[in-house]
Amino acid sequence: MTMHPIFRTWKRHMAGIVLIVVQIALTLAIVCNALFIVGQRIERMRRPSGVQEQGLIRISQTWLDAPDAGTPAGVDKLDAMQRADLEALRRLPGVIDVAASDSMPLQGAIWSGDLRRDANQKRAMGQAALYYGDDHMLPTLGLRLVAGRNFNPEEIDHHMLRSVQTPAVCIVSRAVADQLFPAGGALGKTIYVNRHPITIIGIVALLQTPTLAEWGRDWAYDSILMPVRLDGASASYALRVRPGREQAVMRAARDALFAIDPLRDMPDTWGLQTMREIRFKAYRGDRGTVIVLGIVCLILLMVTAAGIVGLTSFWVGQRRRQIGIRRALGARRLDILRHFQTENLFIAGIGAVLGVLLAVALNLWLMAHYEMPRIPPPYVFAGVLVMLAIGQASVFVPARRASKVPPVVATRAV
Amino acid sequence: MVPMLATTSEFFAMFKVPFQYGSAWTAADGSSRARVAVISSDLNDKLFGGANSVGKTLRLKDSDVRIVGVMKRWRPSPLFYDVRGGRFAEGQTSSFYVKPEGVFMPFFSGLEVNEGNFWQFTCWGKVATPGHLQDAPCVWVGLWVQLDSATKVADYRTFIANYAQQQKLLGRFANTDTRMPSLMQWLVFNHVVPSDVKLQTWLAFAFLAICLFNMIGLLLAKFLRRSSEIGVRRALGASRGAIFAQCLVEAGMVGVVGGIGGWLLTLLGLWLVRRQPVEYADLAHLDIGMFGLTLALAVAASLAAGLLPALRASRVAPALQLKTL
């Protein structure tokens, strides 16, 4: 087919063509980058936490009548209160296991320590989240042990968080083991957490830290389990329950704990929650961004498509006579259809080329201002294909109308 | 549990806190560690049904406290004096937009009433008595200073630097770094406006730009489609200016209608936000200023989009169009 009839008409429609080109270019630039952000956020939200999330519940509460923790007797009293709670929770129907566990992945509150391989190293080799809990913590969280063993009951200590006592043994995540001992053989070695010597007795495959914050991003899977029931006015527990029994167990747990001691603060918002809820809350911001950007992309594409339909319809109306003449001179309906489809392909193509440049520029700007990585080419290619496809799809209806212009139009209204 | 703030009596004057009943405690109450408190209007509504509760007694933990003042509704947003740790919040800074505390007490009275229940966070040594702040090796108090001139600011900086030096000599401080950000610097430092929000603002304007280009195209098609009609008006004596004005009025009307539609959508969106369990839910409403700005922006954008199409339409030659009728 010949191209020149297409370009010949362009001079008369320059304004409209420029508008479509600019619109396609801008849409492409924004949609590419927005989808890139969406992709990154989805990848982030999909990261495994390392715990078996189904059937896992966290209980966190504060005693309003907590004894003074300043004395050894007070600390023992606090521990007795905690053990009484754990016993009561263990007896609930539907509960498989219960652990003292001060924190959980994604849950926000974090204790961390710096890591050294020997006490005299000046600079720490890294940081790790410290999960304090008893010997039930590993099975309750559903962690996968890849080497060594779990804590024995007699290894479990109890004290205040800021006590001078430190545990003798710990279980580390593989990320910690690999970082401190790249050559392997971490099991049985002594490491220094906050300059206190601790022996590694077990290694778990994966355990995300409780924080998603930026400052913890470089060590997102560096976690250490400490065999300590933390005493304090607040205590937290992890429950492993039969799948599907979460809500029933949470109701029963509330009643059971308030029956032991009604003077405690344990609100619905953070007192009793399933791991599912914790995950849902942790990624609330990311999910919001994904939804907003997704909707915006969709609307943008629709707006651009509507613009193309509008202008092409107008051109078809303007060129009815020319179309009639071409038809009278022997052009088939398919030729007319192709004329408009090809015309749009050229316009969208120019827009796409400009759009790719704009998309890269926008990405560079985002990289400078918002800690964004470079946009991978597949996103840009996909964007170009989507824009061309949308152009072709939205031009189809007006183009088909154009192809239905009968040749007899050429003879009318001269 | 009701959050409490232990502060000095100057707090209320410095931050211009409005009072419904009573007033702040006096400096003498502060130094004598009197058991007095100012409560928020929310707490007053909850406990006393909104009645004047000055002189009534409030039971806080194990202490009885006399109410000396009830605040009017006061909703600083963000709750600037409680902003901290924003760099560790990963953009989840909605907690900076909570309501103020329910109970305000003189600084040392508050420390005594809640003794043993403070949660030390940023510490550089072992805490001898957990929950006890005064001699803990921890960051535990925020200070606000009002300085009215640049000289005073500079003097105060020197004063703080000297104090740090002196404390280092005394062996209390390990280093002598001091910083004194202004309120706005402090809010920026803590990412009070998350970067996602900034990104979304940019996105909104890019969205507007694309819609504008779209509107230009559609208006162009709309006006030129009526070329013959415009030709007739021109032939009957309408000036170019009149055609131009007619087209702009049309574009403006599109803006008004679109603006009203957008306003309704905004109300719907805000209603959805208010139903979310977030701290700033009660802040999500549209005030007159914002409504006016949105409507003005919609009309202005439509008029700007209408300029080029209107110009093209006003250039339609009368004779040419009449011929093709």
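This report describes selected helices, a chain contact and a loop residue in a predicted model.

Residues are numbered from 1 along each chain as its sequence is written, and chains are lettered from A and ligands numbered from 1 in the order in which they are written. In this predicted model, local features need pLDDT of at least 70 and side-chain atom pairs count only at pLDDT 80 or more, whereas totals for chains, interfaces and linings use all residues.

**Helix pairs**

Two packed helices are described by the angle between their axes and the distance between the axes. Axes are lines fitted to C-alpha atoms, for helices over the stretch in contact, and angles run from 0 to 180 degrees between N-to-C directions. Helices (H or I, at least four residues) and strands (E, at least two) are DSSP runs, numbered from the N terminus.

| Helix pair | Angle between axes | Distance between axes |
|---|---|---|
| H9 (residues 240–274) and H10 (residues 288–314) of chain B | roughly 150 degrees | within 7 Å |
| H3 (residues 72–90) and H6 (residues 246–260) of chain A | about 145 degrees | 10 Å |

The angle of roughly 150 degrees makes H9(B) roughly antiparallel to H10(B) (an angle over 145 degrees). Residues of this contact comprise 19 nonpolar, nine polar and one charged; Ala, Val, Leu, Ile, Met, Phe, Trp, Tyr, Cys and Pro count as nonpolar, Asp, Glu, Lys and Arg as charged, and the others, Gly among them, as polar.

H9(B) has 35 residues and reaches 50 Å from its first C-alpha to its last, close to the 51 Å expected at 1.5 Å a residue (1.5 Å times one less than the number of residues). Its buried residues (20 or more other C-beta atoms within 10 Å of their own, with C-beta atoms placed from the backbone) include B:Ile243, B:Cys247 and B:Gly259.

In chain A, residues A:Ala84, A:Asp85, A:Ala88 and A:Leu89 of H3(A) meet A:Ala253, A:Ala256, A:Leu257 and A:Ile260 of H6(A). This contact has seven nonpolar, no polar and one charged residues.

**Contact between the chains**

Chain A and chain B each give 36 residues to their contact, where two residues are in contact if their C-beta atoms, placed from the backbone, lie within 7 Å. On the side of chain A that touches chain B, H8(A) gives the most, with 13 residues.

**A buried loop residue**

A:Phe151 lies in the loop between strand E5 (145–148) and strand E6 (157–160) of chain A. This residue is buried, because 23 other C-beta atoms lie within 10 Å. A:Phe151 and A:Pro227 are 76 residues apart in sequence, yet 6.9 Å apart in space, C-alpha to C-alpha.

Key. Parallel < 35°, antiparallel > 145°, perpendicular 65-115°, else oblique. Buried ≥ 20, exposed ≤ 12 C-beta atoms within 10 Å, placed from the backbone.
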